[in-house]
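Here is a friendly walk through a structure that is new to you. Please keep the sequence and the 3D view open as you read the numbered points.

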Amino acid sequence: MRAAVLHEIGQDKLEVLDDIEAVGFGPGKVRVRVRATGLCHSDLSAMSGVLPQPGPFVPGHEGAGEILDVGGGVAHLKPGDRVVLCWLPACGACPACKRGQTQLCLAGFMNAGTPNFKRPTGDVFGFAGTGTFAEEVVVDAGCAVPIPDDVPFDIAALIGCGVTTGLGAALNTADLEAGSSVAVIGCGGVGISAIQGARLRGAAEIVAVDPVASRRESALRFGATQAVPPEGLADARQRITAGEGFDHVFEVVGRSATARTAYENTRRGGTLVIVGAGAVDDVLQLNMFELFFDEKRILPSLYGGGDVLRGYERTIALWRAGRIDLAGLITHRVPLAGINEALDQMRTGTALRTCIEI
């Protein structure tokens, strides 16, 4: 079968090969025919080495498709079922799951160290234990979440990561109140989803901050009340909050510099939500006095900061009701053979989400 492979960490191009085989099928596993997958910035971060990932590997973790086969002991799925792939499944038995913090379950991370594929030259891993830039993937049954028939594969793929992450940051982690002032730094697919979540909660002012003009224009269509480049944030803060700072600031870039900017633009007693995934050696510096004196809450948000399966259901319900726009997030579509074009679209900021149709 075909898959897009990164041979070495640090390379910026993928090679589409046709000698890949999905491996690991057996009890408790399912084989999935991938139909659509989104390109998330985390895929680029894994390729560059910002996020840890053994190589060679097949990127992609935001996918949807249909079940081809089920292993022994899998009773809730059957061939032909339509599913979204969950890259961080909950085991249901660990301390985090028992506390109701299923997004902190480590079971899914354990899969990242086991090869998902092989080719004649050796093993190939799948990013985040999945690897959706491939025609087929074998995953634990818990990674394949059934979706209703009316949810298209491209929409379902977005729900598998970016939309769930951004919406959840606003609805679960920040738990923002109606009338709040909000700033969102970084307005790709995840940031736009956070903007939609803030709009749903009734935020009075939502300022989108991004260096790319097209993304700022998109943010306004999705619910931002203003959109500014990074150098315009200080002026927006002064105009909207009289210089006090925003009630909620979302950092959706994953860099200490933007996290520091987000902190400085959060009002005293306000909330900074860290959504972007950054590098282990990129350190955010805060002094002990400001932490004590400003009483700003710093809330990391992993995969939407709540139960992922409930998040999927909520997102589908909101989409059906027309309360959120998911189709509009897909600004570009390419076949698997055009995967490097999709990478360029992400790097330049011309795409909110590129759908790779497989």
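1. Leaving aside neighbours within four places in sequence, which residues is Glu 135 in contact with? They are Met 1, Arg 2, Val 32, Arg 33, Val 34 and Ile 358, where contact means heavy atoms within 4.5 Å. Glu 135 sits in the loop between strand E9 (122–126) and strand E10 (136–140). Helices (H or I, at least four residues) and strands (E, at least two) are DSSP runs, numbered from the N terminus. With a relative accessible area of 17%, Glu 135 is buried. The cut-offs are these: buried is under 20% relative accessible area, exposed is over 50%, and partly exposed is in between (1.4 Å probe, protein chains only).

2. A word on the basis of this note. The model is predicted, so local features need pLDDT of at least 70 and side-chain atom pairs count only at pLDDT 80 or more, while totals for chains, interfaces and linings use all residues. Residues are numbered from 1 along each chain as its sequence is written, and side-chain values use heavy atoms, with hydrogens and water left out.

3. Now the overall layout. The protein is assigned domain 1 (3–161 + 306–357) and domain 2 (166–300), with bounds that come from an automatic or database domain assignment. Taken over C-alpha atoms, the domain centres are 27 Å apart. Across the boundary, 18 residues of domain 1 are in contact with 22 residues of domain 2.

4. The largest nonpolar core has 95 residues, and Val 30, Phe 133, Ile 195, Phe 250 and Ile 356 have the most contacts inside it. Such a core is a set of buried Ala, Val, Leu, Ile, Met, Phe, Trp, Tyr and Cys residues joined through side-chain atoms within 4.5 Å. Helix H4 (residues 153–159) gives the most to this core, with 6 residues. Domain 1 and domain 2 each supply at least three residues to this core. Another core, of 14 residues, lies apart from it and includes Ala 183, Ile 185, Val 249 and Ile 274.

5. Ile 195 deserves a look of its own. Not counting residues up to four places away in sequence, Ile 195 touches Val 184, Cys 187, Ile 206, Ala 208, Ala 219, Phe 222, Gly 223 and Ala 224.

6. After H12 comes Gly 349, with a positive phi near 80°.

7. Which residues other than glycine have a positive phi? Ala 242 is one of them, at about 55°, and Tyr 303 also has a phi of about 55°. Ala 242 lies in the loop between H8 and strand E15 (246–251) and is exposed, with a relative accessible area of 63%. Tyr 303 lies in the loop between strand E17 (297–300) and helix H11 (308–320), and is buried at 2% relative accessibility. As background, most residues other than glycine have a negative phi, and most peptide bonds are trans.

8. The backbone also has a cis peptide bond, from Gly 55 to Pro 56, with omega near -5°. Pro 56 is in the loop between H1 and strand E5 (57–58).

9. Arg 237 lies in helix H8 (residues 233–241); its contacts beyond four places in sequence include Ala 242, Phe 246, Glu 264 and Asn 265. Arg 260 belongs to helix H9 (residues 256–264) and is partly exposed, with a relative accessible area of 23%. Beyond four places in sequence, Arg 260 is in contact with Leu 284, Gln 285, Leu 286 and Glu 290. Arg 260 and Gln 285 are 25 residues apart in sequence, and their C-alpha atoms are 7.6 Å apart.
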